[in-house]
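Thanks for coming, everyone. Let's take a quick look at one structure together.

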Amino acid sequence: MSITKYKDTIENGDLIMVYISRLHIKPIVVQQGEVLNTRFGSFPHDSMIGLKYGAQLLTPKGKGFVYLLHPTPELWTVSLPHRTQIVYTPDSSYILQRMNVIGGSRVIEAGTGSGSFTHAFARNVGQSGRIFTYEFHEARYKQAVQEFGDHGLNDMVVVTHRDVCSQGFVITQEKIDADSVFLDLPSPWDAIPHLDEVISQKRQVDICCFSPCVEQVMKTVESLHENGWTQVEMTEVSSLVWESRKEMIREVDDALKRLKDVKKRQKEGIEKLKELAKAKAKAKAEMKSDTYIKQPKLKDRDRGYNPFGKGRRIAEGEEGFDWFNVSKTEREIKSHTSYLTFAVKVPQLQL
Amino acid sequence: MSITKYKDTIENGDLIMVYISRLHIKPIVVQQGEVLNTRFGSFPHDSMIGLKYGAQLLTPKGKGFVYLLHPTPELWTVSLPHRTQIVYTPDSSYILQRMNVIGGSRVIEAGTGSGSFTHAFARNVGQSGRIFTYEFHEARYKQAVQEFGDHGLNDMVVVTHRDVCSQGFVITQEKIDADSVFLDLPSPWDAIPHLDEVISQKRQVDICCFSPCVEQVMKTVESLHENGWTQVEMTEVSSLVWESRKEMIREVDDALKRLKDVKKRQKEGIEKLKELAKAKAKAKAEMKSDTYIKQPKLKDRDRGYNPFGKGRRIAEGEEGFDWFNVSKTEREIKSHTSYLTFAVKVPQLQL
Amino acid sequence: MNSSFSHEKGIIGYDDWAIITLPSSATKIVQMRKGGSISLGKFGTFKVDHIVGYAYGQSFEVLEGKDVLPLKSISYGLDDTSDTKDSTPALEFQSSEDNRDLLDTGSKVQKITAKEIEEMKKEGGGNDVGNKIIERIVQGHESFEKKTIYSQEKYLTRKQRKFSRRFTVRNMTPSNLLNHIRKDRDPNKLMGLSEETLGLMMSHANVMPGGNYLLMDDTGGLLVYAMLERMQGQGSITLIHENDQPKLVLLNRTNYSEEELYNMVKPINLLEFVDPGDNRPTIGPLPKEEVDSMPNIRRIKYLRRMKKVKQLNESLDMVEARAFDGLIYASTINPVTFVPRIIERMKGSRPIVVYNQFKEVLIGLSHIFLRDSRVLLPNIYESCVRQFQTIQGRLHPLVTSIGGGGYIFSGIRVLPIEGAVASGRRNKKRSCEEREERNKKRQEKEVAAEPKDDTHL
Amino acid sequence: MNSSFSHEKGIIGYDDWAIITLPSSATKIVQMRKGGSISLGKFGTFKVDHIVGYAYGQSFEVLEGKDVLPLKSISYGLDDTSDTKDSTPALEFQSSEDNRDLLDTGSKVQKITAKEIEEMKKEGGGNDVGNKIIERIVQGHESFEKKTIYSQEKYLTRKQRKFSRRFTVRNMTPSNLLNHIRKDRDPNKLMGLSEETLGLMMSHANVMPGGNYLLMDDTGGLLVYAMLERMQGQGSITLIHENDQPKLVLLNRTNYSEEELYNMVKPINLLEFVDPGDNRPTIGPLPKEEVDSMPNIRRIKYLRRMKKVKQLNESLDMVEARAFDGLIYASTINPVTFVPRIIERMKGSRPIVVYNQFKEVLIGLSHIFLRDSRVLLPNIYESCVRQFQTIQGRLHPLVTSIGGGGYIFSGIRVLPIEGAVASGRRNKKRSCEEREERNKKRQEKEVAAEPKDDTHL
């Protein structure tokens, strides 16, 4: 099977992505006789074989379930442990779009890193394209070779264990003739001078350098200019994930009604007032947070906080109340990945 | 009158902000006998005297109107011609908040520039505080002196015509003893070494350097470290203005109904079909944009595009249709003003 | 491989559609008609024949007689490094260390008049005219020497953008087409879509050769184009539209032939999509003899119609077989009520991507899918690119940019076992399990980071 | 001037409330009780008496015996420049040019055990323990020398944040209080409000000494505090609340006395505000003789009540006089139906500022005011600060930050002539006039920038 070609049915030996929870998606290779253990229960691989991709799978006891997903470069990226700096989808998708990496493109990538962007490159270039990817860290190189094989990318991807900054990009197997270059290196300026040997001499070549720090960008920009690259532009992708939420609509008239009620009761005499105070104190003691609000009778309910009676947590979006549809980011957001420095090199053809 | 103290009624000699349109707010000093000419008509100043601030004023012929607003530092900023780089409210409000510029603060500002931030500083420090502002460009200095006088800021603001980078901040009139410093200079690192002479030796001093380019920030950071400032942090304020808009809710069932209708008519024969084509061609010719859509009868209207009948522009939010409440930024947004580099200097008291 | 794909268009060729960038940085769409001329207005006119054969991305300078001179790049300001022999040599002038002596008196400082400039323009058509005008303007600027070197460069760049006669020829890629419309036409023609959001959609939807996609496209065909480029002639795009035919005006500016579009893009209207059984085409096929005996014109018409019938039937087959590998939805029809119906036609574990210019529209959709067990990982994504000026010593983000760029809702269509799981409440699906996980993490962090014993809030 | 204002609190004094920043960069609120000790948990304990008298902003290192040593700053990593005699000298070690030989095997490379660290901690209370632990950890790290100098520094900083015993004492400014709650407690306690949005609110509302403001504050009193600090004892804050008394828990952590708060902050409940005439207090005043003859406790109670009655009556007078200089609204009560009623109580040309965590809530309000001629310049504003790491050679924005920060609606209350202008349609008020202006500008720009003659789209 290949991550770059859809299948309908799960077969023995397939790489699948098991959705356990939103923050936990586990890639496994389906093997007869194996078992997947999760906190929701155990799932024998045998029960997966023959199911449709996307199927829900219950534990034998029916207590928990997972979904069996088809691998995609983006799901693969999400499922990765953060073992090295990963190029996430907001960056990778923009790079692919802007550099026009499409079927038939010939791409240089250095370093391979986690290999996750390699997957997206491979998906885009297809069988007629080619990815030349370089990794100088030996353990990572070996892992990449293994994974690309498992994921059916061998037709498109050529992995080389090398430090391109000192040794350049030339390989003996074939002429690279790249039209797209992606450098995710601490010092891209050491690699840039080596590119002329391997990029296309017949068409525009696009480059993108991925650097977290401004100082790196500055040196990269200088190196690109010195090496004849033009249209140099630095960019930064900001991305946000929005969750849709519901916020209760509390009307002022309900609050006024409640206050009037309080006032009326207050007028009903000191005795009553004292009881009230007790009830209030009790209600207060029972309140743990602002979201603990009163159980109103639906008939003549009060949309705001009602100090009489017992506190109850109202679920977000609960019926019997009015809600604003709102959106919210997560508490902690990613505010920076890397700067992307783009440039092009256009062969100066002589007609 | 003073921009830093509210009045209720407009008097002769007041500085007022005349709201002509959202993009045109004109500051004038009310003078008996003068006339303000706008594209909505002429407004004699005499008709303004005695009115309440916030009043709507009609032209003598009642054809056009303006609103007479009380000046505030923020309105003053909006009304300025863009004659020099202005510190706009999203930046200035954050700086004021973060540096805790409040009543009694003693502030150094260099350069004065358009003087607009000086107004906000003055509003914040009040009568018990002090702003020491420096401008090396003579014409701008003179204009600032004039404006601060007109706006009643003389009690709080001391303007000096000087190049602080070469001559420092010391003035003969009084001891500065600043606790807040704002530098909007091309090379703040030239001014930073001069600060020790004029900042408080008894309490924490906050500094903010306003620089558009990264390279300036780098040199500033270095200079701050060298001169004993700590807690150095660079920040950038991004701000957006959202307009609320309405987007028509077009339901798929309405579109389906229309297509069914078309199909029915098509079945009704070739003759009819031909007429239809003509009508369609006509309708199409009459459409100038996607927002030209059909005049539906409210009874059995079609929420989508209806190819029969005459095109008509539907106003945003028009009754008889359903609308999403949505928000939108302006077409062109401000994406960068300057980087703000903050730091503090804490006197190392010996007990 | 087919040479219609922009990727193959490395070299400027006849009949190509391309995008030209002017000195003002505005862009325009042109077609390379053999023997034709292309006018850049005040930036000059040149013959198509002179630029054909160069690589896309090449810059040129307009010379006398509609000729051109290839340039390595268009660059402006003091370090104008474009290697042209015709350029006037770099200007020499004094500059000031700061601008304290500079008075902002607007146009009064300029001694050269608009009329003089007009007359110079008439003198000739080449770039040297532009350079001469700039030289004269600088000489005519009374306080030019009082400016700092930075503001001199700014001034010079501004003038060069106005008067120089250089241009760059760019490939008609989906990104270049999008940016042309977004920056120089009207972003609303594309429902506000930005390049980065387009990229995000293509990746989230996993668009690749061989996929069979469902699409609603109210961007005039930009999405069709972006998908076609990635699919390289393999797979199909079933295009749901709401009129008698889809609006694909932008495809006329690309290099795809009618035949190529026929093979890849299958239009189907809403009614046919929603009710495929009831809307099968009822025309033909006629017996072979009858077709053979038709008059020529009628036969051609008949065959053309049958071709469409065949295409439609294939699409209806796919709808009935629920055979789609992804949904990309960019329509002004309310997705909240429609998308939940569409996804029944998709295979399992395939992505759903819904674009809208307004987040508010997608929030409702997201709420629905939070309670719908057919969709995993429902979220709204926003992506926004900031561009920086990279002139040495003056690195900073661009001061203004085009606002908006849209939002996407994305999720994965899955196949829940019927009855096995109550179509989960919101809390079930996200809040509980995840907030627990997240809170746990946070608490661990807090415990590690800070003592709890003496805190007051 | 009153010394309660945080501005006057330049020097750490007894009974002050202050904020302490720990090595982990977490913060905590403390009060400087004379003779008391403050525990920073694993970061040590020190005596209040040792830090009183230093300037706010001062950093310290915890020494043996709850003593402290003043430091110029807390800095971490290789260039730890804090000038303390007790610090162990900078460590010396090899580093690698790149990390190609480094294996990520997690905790296995560390030879020092958690137990050993615990034992070292018990040895003593001063910062040198922290430094010794760090030294031991580095020595125990098998592949530390295979790291690049950057990752060594990162590692060192991380360990210092965990084991060093330094802290900084900060002034209880509204910003510091806000950031403490936002970063180390729960942003929802402040309705998600960020420092930059708070600043924007204060400027848009033109908060200054002498102003008389209307306020709804569901942030626990943070807005009251921020306003008080700016008003310096002049003017008033009329605080509308919806219960028997306002919730101002945060004010207990500030240095304002009850008397100061009484003079500036006037609570009034919703009912009293909406219907001031019907809700005048009916109690007292009693004849002087009666008061004099009261038992002591009852008299004190009576006088206290009369003080509140006086305060409430003043507020009701202002409501009836429509005398307010600004509205700041940060309440969970739907502003859409309430704010249009409140603004009747404001003077002309005074700002309206409505905060909400969710833009969606403010859109409805903005739509109402687009059609309401009582409000000029209605808009929704968003402001967001990015923080950067400024370590030399590694300048970049922080990799993560706290999301959200809220939105404000802002406009100016004006006094339209009744009947003179139909309460303008949306188009009237904004779209037409302005779009015209804007389009005109854009067209001019386009005309200047680009020829129109040969464009195709």
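Where in chain C does G277(C) lie? It sits in the loop between α8 (270–274) and α9 (288–292) of chain C. Helices here are DSSP runs of H or I, at least four residues, and strands are runs of E, at least two, numbered from the N terminus.

A word on the ground rules. This is a predicted model, where local features need pLDDT of at least 70, side-chain atom pairs count only at pLDDT 80 or more, and totals for chains, interfaces and linings use all residues. Residues are numbered from 1 along each chain as its sequence is written, chains are lettered from A and ligands numbered from 1 in the order written, and side-chain values use heavy atoms, without hydrogens or water.

Back to G277(C). Its relative accessibility is 46%, so it counts as partly exposed. The scale: buried is under 20% relative accessible area, exposed is over 50%, partly exposed is in between, with a 1.4 Å probe and protein chains only. From P209(C), G277(C) is 68 residues away in sequence and 29 Å away in space, C-alpha to C-alpha.

Next, R304(C). This one is in helix α10 (residues 296–321) of chain C. R304(C) is exposed, at 53% relative accessible area.

Now chain A. Which residues does UniProt list for "binding site"? The unreviewed entry gives E135(A), D163(A) and D184(A). They span 50 residues in sequence, yet no two of their C-alpha atoms are more than 12.4 Å apart, so they gather at one spot. Such annotations may be inferred rather than shown by experiment. E135(A) belongs to strand β8 (residues 130–135). It is buried, at 3% relative accessible area.
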